[in-house]
Every structure is written in structure tokens, then in C-alpha cells.
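Hello,

Please read them next to the coordinates.

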Amino acid sequence: MKKLNLLLYLAMFATVIGVFSACSKDDDDDDNNNNNNTSGIVVTTNISQNTTWTTGNVYVLAGRITVLSGATLNIQPGVIIKGQAGTGANATALLIARGGKLMAEGTADQPIIFTSVADEIVPGQIESPNLDPDIDGLWGGLIVLGNASISASNENGDVNEVQIEGIPTSDPNGLYGGNNDEDNSGVLKYISIRHGGTNIGSGNEINGLTLGGVGSNTIVENIEVVANQDDGVEWFGGTVNVKNLLVWNVNDDAIDTDQSWGGTLDNFIVVAPGGHNYELDGPEGSFERGHTIQNGTVVCSDTEYERSSGDLINVDDNSIVALKNIYFTGIEEGQQINRVTAAGVSFEGIELNVPAGDLANYVNGEVPAGVTAGGSPKANAGVFGWTWASNAGKLAGL
Amino acid sequence: MRKIIWLLLILGMGLQTMAQKGKIRGTVYEEATGESLVGVTVFLTGTTIGTTTDLDGKFSIDADPGSYQAQISYISFQTILINDVQVKAGEVTMLENLVLKEVSLELSEVVVSAEVIRRTESALLTIKKKSAVILDGISSSKIKLTGDATAVEAAKRVTGVSVEDGKYVYVRGLGDRYSKTMLNQVDIPGLDPDRNSLQMDIFPTNLIDNIFVSKNYTADMPADFTGGMLNIETKDFPEEKSISVSLGLTYNPSMHFNSDWLTYEGGSTDMLGFDDGTRALPARAGKDNIPTPISGASDQEVFDFVTSFDSQLAAKQKTSFMDYSMGISMGNQIDLGKKKGDPAKKRKLGYVFSLSYKTDTKFYDEVIFGEYQRYIDPNLYEMRYATIQTGQLGEQNVLLGALGGLAYKTDHSKIRLTLMHLQNGESRAGKFYIVNDGEAVGQSGYRASSDNIEYNQRSLTNGLLNGLHLWPTTGWEIDWRISPTYSTSNDPDIRKTAFTYQPLDTLFSGGAGGNPSRIWRSLEELNNTSKIDLSKKHELMKRDARLKFGLSHIYKQRDYEILFFDMQFFGTQSWTNPDPAHVLDAENIYPNKPNSIYYQSGNRNPNPNTYASNINNFAAYISEEFNPLPKLKTIVGVRIEYYVQKHTGRDQTYASGDIINGKNLDNDKVLESTDLFPSVNLIYALSDEQNLRISYSRTIARPSFKELSFAQIIDPISNRIFNGSLFTYSGWDGNLTETRINNFDIRWEWYLPAGQMYSVSGFYKTFDNPIELVRIPEQQTSTEYQPRNVGDGQLYGVELEFRKDLSFIAIALNKLSVNGNLTLVKSSIDMTDTEYNSRKTYEKAGESIENNRVMAGQSPFVVNAGITYSDPDHGLDAGVFYNVKGTTLSIVGAGLFPDIYADPFNSLNFSLNKRFGKDKRTMIDFKVSNLLNEKVVSHYRSYEAEDQVYSSLNPGISVGLGVSYQF
């Protein structure tokens with residue numbers, strides 16, 4: 001009798017164990033990677049030797065492709081670069097490391113287009129045949145890093161190099177900054193960057209065009225950023241000048257500067273970003289230098305895509321920036337110029353298209369002398385005829 | 001339903017009555033060594049009934065009901081005569097704690113009463129006094145007196161022990177890295193894969209034979225030992241048949257019956273500690289090329305794919321219930337009688353079984369998580385915030401444990417099998433308001449509110465097969481053990497949904513509060529420990545000596561995977577009702593506009609967040625225990641371990657397709673070493689009651705699987721990123737090595753009657769290449785950490801312990817006793833140049849930075865104190881217990897980032913147990929925890945600055961009532 005009980009008890013014990021261990025099994029997952037629509041020349045490895053991508057072709061970025069130090073990537077006019085889909089560690093991007101060069105000289109007739117593999121665009125087209133201009137986050141972005149000075153600090157105090165946001169520190173090609181203000185990272189002309197800005201983690205994304213520590217001998221002109229999930233263009237220090245920039249439908253800030261960028265942005269149009277029009281930060285180290293932003297037109301809201309920006313201008317207390325000849329239109333209630341008291345920020349010819357009597361509502365604090373109501377577009381919209389935004393009619397009246 | 005039937009069957013089985021006779025059972029120890037004595041004769045005077053003790057020193061006699069005198073005798077030892085041993089029909093009378101002294105001229109016989117024997121705890125003290133190593137512990141008989149329900153409560157009473165989170169036990173204030181927990185002397189993985197220590201609140205005390213903490217090292221122990229090793233020994237032969245059931249309820253006024261409690265809908269089996277598949281990754285998500293608007297899938301496929309995920313993203317309010325627990329345990333030993341033809345051989349079968357269940361419900365109102373920075377300006381002392389999250393967090397924790405053991409023994413052999421399964425499910429839901437300051441370094445500035453819902457499911461299944469064989473005539477003893485363990489830890493569907501507030505809109509912003517994300521993490525670990533220990537008693541210098549040697553092999557293998565999905569919006573977002581509960585409404589899902597939600601995969605193939613690691617550790621040791629002088633016991637030994645750790649994983653460069661520059665490891669060695677671990681222990685008997693102990697040993701602390709990997713693990717709530725040490729940086733070569741430790745100990749101890757004692761210890765340890773979590777300076781936007789070897793460290797400390805009854809004040813106070821122990825530790829670690837320079841750069845005016853600091857995780861002091869009232873005659877035991885750990889550096893900051901310190905948590909608890917009824921079978925226990933209503937807080941600290949909160953949780957005061965009945 002006793003023995004029988006014991007056996008019974010053992011059997012029950014085994015059943016209990018069995019029930020619990022059986023319940024904890026998951027199905028076998030396979031990793032999922034969106035390799036889709038990969039018609040084009042697929043690029044899977046970093047570029048360590050001089051390479052040319054030729055007119056008439058589509059190149060597909062299969063990952064975070066880096067032009068390594070010492071190498072030059074030539075992109076001929078009309079080339080289309082498409083990033084595969086992915087987020088986090090799976091994000092795709094074209095990264096020009098310090099010492100690497102990007103020679104991407106498009107033309108008004110044959111711009112170079114960076115987009116997603118989902119885009120059915122073919123060489124010769126400017127508008128996407130299938131993706132709306134408010135679809136973002138499909139791939140990463142274009143990141144150019146150089147050896148020019150930055151104002152940064154970390155636990156070691158002032159440092160002249162740091163890791164670019166959006167790239168995990170485990171990839172040392174993400175470092176930027178140095179002491180060569182005349183550094184040359186190449187030429188970027190007639191480039192349209194679309195549908196990018198995928199998420200890495202909260203507050204950590206890839207901008208449409210990221211310029212980290214880029215030097216003054218680099219030429220950046222005639223750039224369009226459309227529908228990027230993070231900022232349109234973000235400068236991290238450096239001395240590069242940018243001319244003729246158009247930012248349309250980005251989901252965060254349109255123009256974002258950090259770490260004492262020392263160049264000039266001249267002639268630009270911003271249309272309806274999701275974040276601030278300008279997010280202009282000050283130095284992060286003891287090295288202080290300012291930049292100039294001039295001759296621009298900003299459309300603060302857009303009914304077609306139900307978008308409106310955050311602050312008209314957002315600066316920090318320690319920002320150093322000269323803002324000249326900028327016209328804001330499409331202004332909605334609640335949008336303001338913030339921290340007009342920052343000592344290093346100057347306003348000259350800043351025009352807000354609002355009734356003169358309401359001007360004070362759009363400035364957080366006392367209205368500076370350089371800010372007035374009314375006005376007219378300041379950017380030369382004529383140079384943007386080649387862009388998607390222009391083709392879509394967004395520049396009408398500007 | 002099936003479970004109820006089992007329960008009834010188990011109960012029914014136990015209720016059958018025994019034969020007419022009663023039993024006398026007990027254990028005999030040798031005074032000189034503290035070890036059990038084999039072959040001791042036990043006789044009932046005036047009868048022919050008798051037996052001899054078996055290999056555990058245990059005996060069992062059947063006798064008719066009545067009153068007897070028991071005679072315990074062994075050649076060359078004093079005989080003990082025990083009067084008034086009462087035998088009742090069908091019951092077991094226990095004679096525990098029988099200690100035989102070697103015969104002396106004055107006395108060859110001692111006479112005691114059974115009642116005195118019953119109440120002493122002297123056997124444990126004998127073991128402690130005579131042990132080769134510095135041992136502190138608590139025995140089952142002591143636990144019976146105090147009424148502690150789980151191992152963690154019992155362990156709190158041990159010298160130098162501190163408890164963290166109510167479940168982890170640390171020795172001498174050293175952190176998790178330097179602590180070790182074993183079950184039945186075998187290494188088993190904890191439920192938490194990121195910890196060394198085993199969760200202790202899962203072991204019901206009625207299955208525990210004893211808990212020992214050993215504070216110094218001998219060659220027969222695994223060498224990865226530093227602060228202390230805690231071993232839990234489960235029962236194999238219960239002294240008497242017992243079936244006990246228990247029920248407990250705990251009420252916390254700040255957490256229970258609270259209508260603000262946060263939770264979310266789980267599966268139907270959440271109550272049993274596992275997910276029924278509700279949170280499983282949808283099948284399609286586990287395959288290549290998930291349907292997205294751009295994957296070539298049809299609109300309907302994308303829509304169906306999005307809706308195949310659980311649509312809950314919100315933490316919901318619900319009224320919380322109390323904590324409750326229940327348990328049933330049973331055990332017995334059965335005499336199988338004597339073997340035919342060999343009447344000397346007695347055979348016994350013992351079994352234990354227990355099933356326990358508990359559910360804890362927690363609600364933390366006013367939770368704070370902060371990220372702070374320092375200014376570089378030497379005159380700006382205050383810290384500034386980068387991000388502050390404030391909110392509420394609800395938790396529900398279910399723990400189910402089943403343990404069964406079966407043991408068979410003859411006089412000189414014992415074989416036992418123990419099986420254990422633990423199942424734990426924790427569901428968490430939180431709502432936080434997030435403020436990020438754009439002025440802080442690397443921050444963009446935003447405000448957001450987030451709903452976080454998570455589930456963590458862990459299980460552990462362990463088996464132990466153990467054999468012990470003794471040859472008393474030759475002095476040989478063999479102990480062998482094989483113990484496989486399978487454990488899992490899964491986080492199915494961690495969801496974070498954070499709306500960002502902008503001046504005109506509320507929406508998801510990747511650059512601010514982030515897009516909604518879902519994460520699946522899974523971990524599987526398989527361990528196996530095999531070992532054999534041999535010992536031979538012999539004579540050296542004409543005194544008793546013992547040679548021990550043995551072999552062991554440990555194999556561990558882990559598979560880890562993280563799958564990540566990010567919510568995306570195909571086009572413009574517009575939220576008329578920005579409520580996480582409605583984000584996944586059909587109208588927001590692709591192809592419906594606006595919002596057009598779809599999922600994007602963050603999982604590359606191969607996945608850089610998948611890794612597999614394994615270790616093999618082969619060890620051999622030899623040690624000799626001998627007495628070079630009559631009063632000097634010496635144990636010298638050496639252990640050799642060959643350890644090899646292999647890793648399969650890859651960095652992100654490789655995973656993103658760059659197989660030339662990327663790194664990929666395919667079961668490649670990442671750590672290999674052969675080490676010798678010498679140890680010397682000297683015990684000098686100053687008198688019968690006093691010992692002086694001195695010891696030296698060399699030990700090791702090795703990096704964990706996670707630390708020695710290419711893993712990159714993002715914590716979705718704090719947004720902190722852990723990087724495996726294999727990644728190289730300008731200040732780090734990617735070669736993480738072990739920490740080698742030299743340990744020196746000295747101790748004076750004085751044992752007094754009735755369990756009273758005093759002891760004073762001193763210890764000194766040096767650490768070669770200690771590992772700490774270091775913040776990666778290259779990244780400022782997100783907070784990234786990596787484990788690295790830092791500068792050499794050392795620590796020294798003193799430990800005081802006393803246990804005293806108050807009869808010296810007045811004899812009436814003899815039931816009242818006070819006990820306390822205090823551990824003071826001073827630690828120091830040499831900073832690396834990087835750390836020193838960074839601290840120097842951020843040196844404030846008037847501050848003077850030195851190139852060393854305290855070790856991370858090391859408390860400067862630990863205090864345990866208690867007053868207990870114990871009246872066994874009335875079944876009453878009550879006490880007030882106090883426990884605190886000094887302010888401890890928990891995360892090393894340096895430079896921009898301030899250091900983080902855990903504040904002392906003054907834990908004051910009251911407990912009372914009362915037994916009722918005939919034979920005192922019913923016990924009621926009453927507890928009040930956290931009488932001082934302390935909060936669990938960690939702070940940022942910077943020179944001359946106001947402390948700022950890193951994390952703050954309020955556990956509140958809780959009141960528990962339990963009842964148990966023993967059949």
C-alpha cells in the first residue's frame with residue numbers, strides 16, 4: 001500500500017513538472033529582415049577604395065554603408081540610391097567617415113536622389129510615382145563626418161571628437177570632429193534626400209543630412225530634404241557653409257545646429273516641419289563660435305498634409321547665432337520665438353506674417369527690434385525649380 | 001480542477017495512520033569535529049531495543065508507547081543517558097543535537113533530560129565552532145523556533161548578511177558580483193540571468209535543512225568565491241512524518257485595494273506565472289520580410305499583420321488586491337526493514353514534497369527616475385537635469401514552486417534525487433510624465449507621457465542526483481553529484497508608447513519621446529554540474545587527519561535573442577484623441593489615414609542582438625586537514641581550474657553586411673585560463689569555548705555571459721544601453737579579463753551555553769583587475785555603459801557579532817535575547833587614468849579629487865540587530881529586527897555624469913508566531929514590514945551640490961498574517 005502511494009505521488013510530481021515546462025516553450029522565431037524590391041545594385045560592404053556609382057543606375061544600401069577614411073565615393077548625376085527598410089540596428093544609411101570623401105555632383109536636370117527601396121522612382125524622374133511626400137522613416141539618411149573643430153565636452157571635459165547620434169558607439173566610424181577647419185569631405189550638389197530618418201531609440205535618430213565636424217572646403221549646395229522622420233539638416237560643429245537648402249515635411253526640426261557650427265546657411269525654404277523650424281543650440285564645450293542663418297522663407301503650417309511646426313525659433317540661453325532676413329508665414333496661434341533674451345542671438349530683418357497688433361503674441365518675451373510684423377518672402381525660390389517640392393507646387397507664391 | 005484532485009490525493013495519502021508503535025529518532029555529532037558520527041550505539045535501557053547510527057549520524061528506533069531512558073554510547077566517547085524519553089503511539093519523538101565528547105577522566109557519563117535536548121541549538125553551534133571555515137548559519141530547528149516562512153527571512157538572521165529587493169542575499173556588503181549562492185552545494189543559475197545570486201524568497205523553510213554562509217574559502221569549493229558563499233541544503237530525510245498546509249495574507253495600505261493601481265490585460269494563465277501565448281510574437285513577425293506598405297504586401301496583409309499584435313498599449317487603472325500565499329508540504333521517512341541475510345543493514349526511504357504559490361501586488365505612486373549632469377564650470381556646483389520621469393508603477397508577481405525529493409539509504413550508503421521547478425511571472429504597467437531639458441548636453445528638449453507595459457516570465461528546473469558512500473573501517477568516503485538545470489527568462493512584448501507634446505500637436509516624435517516600440521527578449525540556459533569528492537581519514541603526526549580530493553566539471557550554455565519592432569506611420573500623423581488605449585484602433589492602421597500605422601523590423605539577419613555562449617570549467621583539488629599541534633587544526637589545499645568561455649555573436653558592422661571589417665565569432669574562445677587557488681586555514685583552540693582562526697586564499701571573479709559578448713541591450717524605460725565588453729573603443733581594447741582576489745581573514749570567537757556567543761573578525765582582500773560598469777564617454781545623446789576592467793582594488797573590514805540572553809540582568813528575562821552584528825568595510829579602487837582625468841576636468845572649486853575611490857557595490861557598513869522573545873513552552877516567539885546597509889556607490893559616474901549612490905534603507909520589521917492547540921499543530925504568524933515607512937532611493941551626488949534623485953520607490957508598510965497547520 002505504501003509503495004503504491006509513493007509511485008502515485010511520484011507520477012503526480014512528474015506531471016506537475018511536465019505541465020509547467022510544457023507551457024513555457026515559445027515558437028522558433030527566425031530573424032526578419034526586410035529585403036524587398038531590391039532591383040538595383042546592392043551594396044553590402046563598406047567602401048574602402050575609390051568607387052564610382054554611375055549615371056542611369058540604382059544602388060541599394062543593404063546596411064549602414066561607410067565610405068572609410070582615405071576612400072572617395074563618386075556618385076554621378078542622376079544616380080538613385082535606395083536604402084533598405086529597417087529600424088534600430090537594422091537601419092540603413094550612407095556614412096562618410098572622417099577622411100573619406102563624397103563627390104556627389106548632381107545637376108538641376110539630373111539630381112542625385114536618396115530614397116527608400118519602397119520608392120518606385122527610376123532615373124530621370126523627380127517625383128516619386130508611389131510614395132507621398134509625407135511618408136517618413138523608411139530608411140536612415142546621409143551622414144557626412146569630418147575633422148573640423150566642434151565645441152563638445154564629455155566626462156573628459158572638452159573633447160575634439162565625439163560619436164554622431166544615430167550610430168551606436170560600437171561603430172568607431174561614427175566619430176567626428178578634429179582641428180582642421182579647412183577639411184574637405186567632398187562636394188554635395190543637387191541632392192534630394194527623402195523618406196528617411198528611421199528610429200534608433202528615443203531621441204536618437206538619423207537626420208536627412210547630418211553634417212558632423214565638416215570643414216569649410218566641403219561644398220554643400222542645392223539640397224532638398226523631404227519627409228525625414230528626424231531633423232531635416234543637423235550641423236554638429238564644423239565650418240561648412242550651405243547654400244540653397246529646402247526642407248519639406250520633416251517630422252522633427254527643420255534646421256538644427258549644435259556644438260558651435262561656424263558656417264553660414266544662405267538662401268533656404270522650410271515648409272511645415274513637425275518639430276521646431278529652428279532648433280539652434282549653443283556650444284557644449286568651452287570653445288565658442290557662432291553661425292549665420294540668412295535669407296530664408298519659412299512656411300509654418302500646411303493644410304494639405306495637416307502639419308504645423310513647433311516653435312518659430314528655438315534657441316538656448318548660450319546659443320550664438322545671427323538670424324538675418326527671414327520671413328515666416330502660415331503662422332498659427334501658439335507658435336512663438338523662444339528665449340529672445342539669449343545674449344548671443346541677434347535678430348535682423350525677421351518678419352512675421354501676422355497683424356502688427358498681434359506680434360507680441362508670437363514672441364515669448366519682449367519683441368526684439370529686429371522682429372517685425374508683415375513682410376514678404378526672403379528666399380530666392382527660383383533656384384529650387386529642380387526640387388520635388390517645386391514640382392509639387394509647394395513653392396507657389398514664395 | 002486537476003490540481004484540486006492531486007491536492008486531495010496527496011492529503012488523503014498522508015492521513016493514513018501509522019502502526020501502534022512509536023518512534024525515537026535523532027542525530028549524533030562528534031564534539032571535536034562537529035561532524036556526524038557513524039556507528040554510534042543507541043539503546044533503550046532495560047530493553048533489547050537498539051540500533052546504530054547511519055552515515056548521516058542518524059538513528060531510528062521503534063518502541064511501544066511509554067517512557068524510556070535512552071543510552072547513546074560509542075567507544076572512547078562519553079556515554080549520554082537521556083531520561084524521560086516519551087514514546088507515543090504513531091508518533092516520532094525527536095532527540096536532535098546529541099553531541100558526544102571524547103572520554104575524559106572526570107566524566108564517562110552525562111545525564112540529561114529529553115526536554116533539555118529538545119530545546120538546544122547546540123549541534124549547529126558545534127558545527128560552526130569546529131568547522132574548517134568561518135561559517136555562520138541557521139538550522140531547521142532554529143527556523144522552526146522563529147517561524148520564518150522563506151529562506152530569505154531566515155537568512156537575514158545570519159551574521160554579515162544583507163537582503164536586497166527582499167530576495168537577494170549579499171554577504172559582508174559586497175555586491176552581487178562577489179556573492180555566490182548554491183543549492184545543495186551545486187552551482188545553479190538564478191531566475192535573473194543578470195545576477196550571480198539566487199533569488200531566495202522562493203524556498204519555503206519547511207524544506208530547508210539548513211542555510212550556511214561560508215566566509216572563507218577551502219579548496220573543495222568553486223573558486224569563483226569572494227565575499228561569501230551561501231548554501232541552502234534541502235531536507236532529504238524528514239525526522240517525522242509531516243504534512244503541513246499554510247495560508248498567508250499581506251496587506252499594504254498604500255498598495256492594496258487601491259483603485260489607482262496600474263495593470264493590463266494578460267493571458268488566462270498569468271495567475272500561474274506564465275503567459276498562455278497572449279503575448280507571443282505573432283507567427284508572421286518571426287519570418288523574413290514582414291508585411292509593410294513597402295514590402296510588396298497587399299494593404300490587407302499589412303492591416304492583418306498589424307492587427308495580429310495585441311492591441312493593448314495602455315496601462316489601465318484597476319483596484320488592486322492583497323498579497324496572498326499558500327503552500328503545502330509533506331515528507332516522511334519509511335523504514336524498509338533489514339535486508340535478508342544481512343541483518344545489520346537497515347534500509348530507509350525518505351521523501352519530501354512541496355508546492356507553494358504566492359502573488360504579490362505592488363503599486364508605487366510617485367516613482368521618480370532622473371538623469372542628471374554636472375556643469376564643467378568649477379563654480380557651478382548644482383547639477384542640472386537632462387531627463388526626469390515621474391509617474392506610477394503597478395506590478396503583479398506570481399511565484400510558483402514545486403520541489404520533490406526522494407532518498408534511499410542503508411547504513412553506509414545514501415542516494416538521493418531532488419527535483420525542483422520554479423515558475424515566476426511578473427507583469428508591470430506604468431505611466432510616466434517625461435521632461436527632457438534641451439539645455440543639457442546632448443539633449444534635444446521635449447515633454448512626453450509614456451505608457452509602459454511589460455511581462456517577465458522566468459522558470460527554472462533543476463535536478464540533483466547525489467550519492468554518498470562510506471567505508472567506516474577504512475575511513476574512505478565518496479560523495480558524487482550530478483545536477484542539470486534548465487532555465488529560461490523571457491520578456492514577451494515589452495511595449496512603450498510615448499506621446500510627445502508639441503505646442504500645437506500631440507504626436508509620436510522619433511526625435512523626442514520616440515515612436516511606440518515592442519520588444520521580445522528570450523534567454524535559455526542549460527547548466528550541468530558533475531562532481532566527485534573523496535576523503536580518507538588517516539593519522540598524521542599521530543593525530544586524526546583527513547585527506548580530501550576531488551574533481552568537478554561545470555558546463556553552462558546560454559542562448560539569447562532580442563527582437564525589436566518599431567511602430568511607423570505611413571504619412572502624416574494626426575491624433576484627435578492622443579490616448580494610448582486607442583492608438584491601435586482599426587481606423588489608425590494602414591492603409592487608413594491619417595496615422596497609417598505599420599511595423600518596421602529592427603532585426604537584421606544575422607541579428608547582432610542574438611548570441612550564444614558557453615563555458616566549461618574543469619577543476620581538481622586536494623586538501624589535507626590535520627592537527628600539527630593538539631589545539632591547532634590546519635587545512636591546507638590547492639585547487640586548479642581550467643576555464644574556457646566561448647561566444648557566438650557578431651558586431652553591428654558584421655551584421656549590417658560588412659563581413660570584411662565586421663567581427664563575427666563562431667563559438668570562438670573569449671576567455672581561457674588555468675589558475676591555481678591555494679588556501680590555508682588555521683584554527684587554534686584557545687580554550688574549549690574560544691577559537692582563533694586565521695586564513696588565506698586566492699579566488700577569482702569571472703565576467704558573465706552578457707558582459708563578455710557583443711550584446712547591445714536597450715532598456716526601454718530608462719533608455720540606457722548596455723554594450724558587451726567585446727566592442728573596442730579608443731580607451732578600451734575589448735579584452736575583458738577575470739578579477740583575481742587574495743583573501744585574508746582572522747577571527748576570534750567565544751561560544752557560551754544556550755546558544756550565546758561573541759565573535760570579532762577582521763578581513764582584507766585585494767582585487768586584481770576588478771570589473772565595473774563604465775559609462776561610454778563618446779556618446780552623449782543616449783546613455784551607454786560597458787563593463788570594463790578598472791584599476792586595482794582592495795578592501796578591509798571588521799565584523800562583530802554577539803548573541804546574548806538577558807538572564808544576566810534578571811533571571812526572568814532569560815526568554816529575551818538580543819543579537820546583533822555589525823560589519824564595517826573600507827574599500828578603495830585605483831581609478832584608471834581616463835576616470836581620474838575626467839573627474840579632474842570637472843573638479844569644482846574647493847574640491848580635491850584623488851586617484852582612488854570606493855568600490856562600486858560595496859557598502860561601508862551592514863548592521864543587523866534583533867531582540868527576540870522565545871517561549872517554546874507556550875509556543876510563542878516574537879521579535880523586532882533591524883537591518884541596514886550604508887550608503888553605497890551603485891553606478892560610477894565621473895565627469896559630466898555624477899556618481900549614483902544607493903541610500904541606506906532602514907528596515908525595521910516585527911514578527912510574532914504563536915502555536916496553538918493540542919500538540920501545537922496550528923501556528924499563526926503575524927508580521928509588520930518596513931515599520932519606519934522608508935523609501936528605496938538612489939541619489940546623484942556631486943561636490944557641494946544638492947543630491948538629486950536617480951530613482952525613488954516607496955514600498956510602504958505592510959502587515960501580514962499567516963496560518964499553518966501541521967497534520
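**Notes on the model**

B:Pro594 is located in the loop between S27 and S28 of chain B; strands (E, at least two residues) and helices (H or I, at least four) are DSSP runs numbered from the N terminus. This is a predicted model, in which local features need pLDDT of at least 70, side-chain atom pairs count only at pLDDT 80 or more, and totals for chains, interfaces and linings use all residues. Residues are numbered from 1 along each chain as its sequence is written, while chains are lettered from A and ligands numbered from 1 in the order in which they are written.

The peptide bond from B:Lys593 to B:Pro594 is cis, with omega near -10°. Another cis bond joins B:Tyr590 and B:Pro591, with omega about 5°, and B:Pro591 also lies in the loop between S27 and S28 of chain B.

Helix H6 (residues 299-307) of chain B has B:Val302, B:Phe305 and B:Val306 buried (20 or more other C-beta atoms within 10 Å of the residue's own, C-beta atoms being placed from the backbone; exposed is 12 or fewer, partly exposed in between). They are on the same side of H6(B), because they cover an arc of only 95° around the axis, taken from the directions from the helix axis to the C-beta atoms. The buried residues of H6(B) pack against strand S28 (597-601) of chain B.

A:Asn249 has a positive phi of about 60° although it is not a glycine. A:Asn249 counts as buried, with 29 C-beta neighbours inside 10 Å.

Regards

Methods. Two residues are in contact if their C-beta atoms, placed from the backbone, lie within 7 Å.
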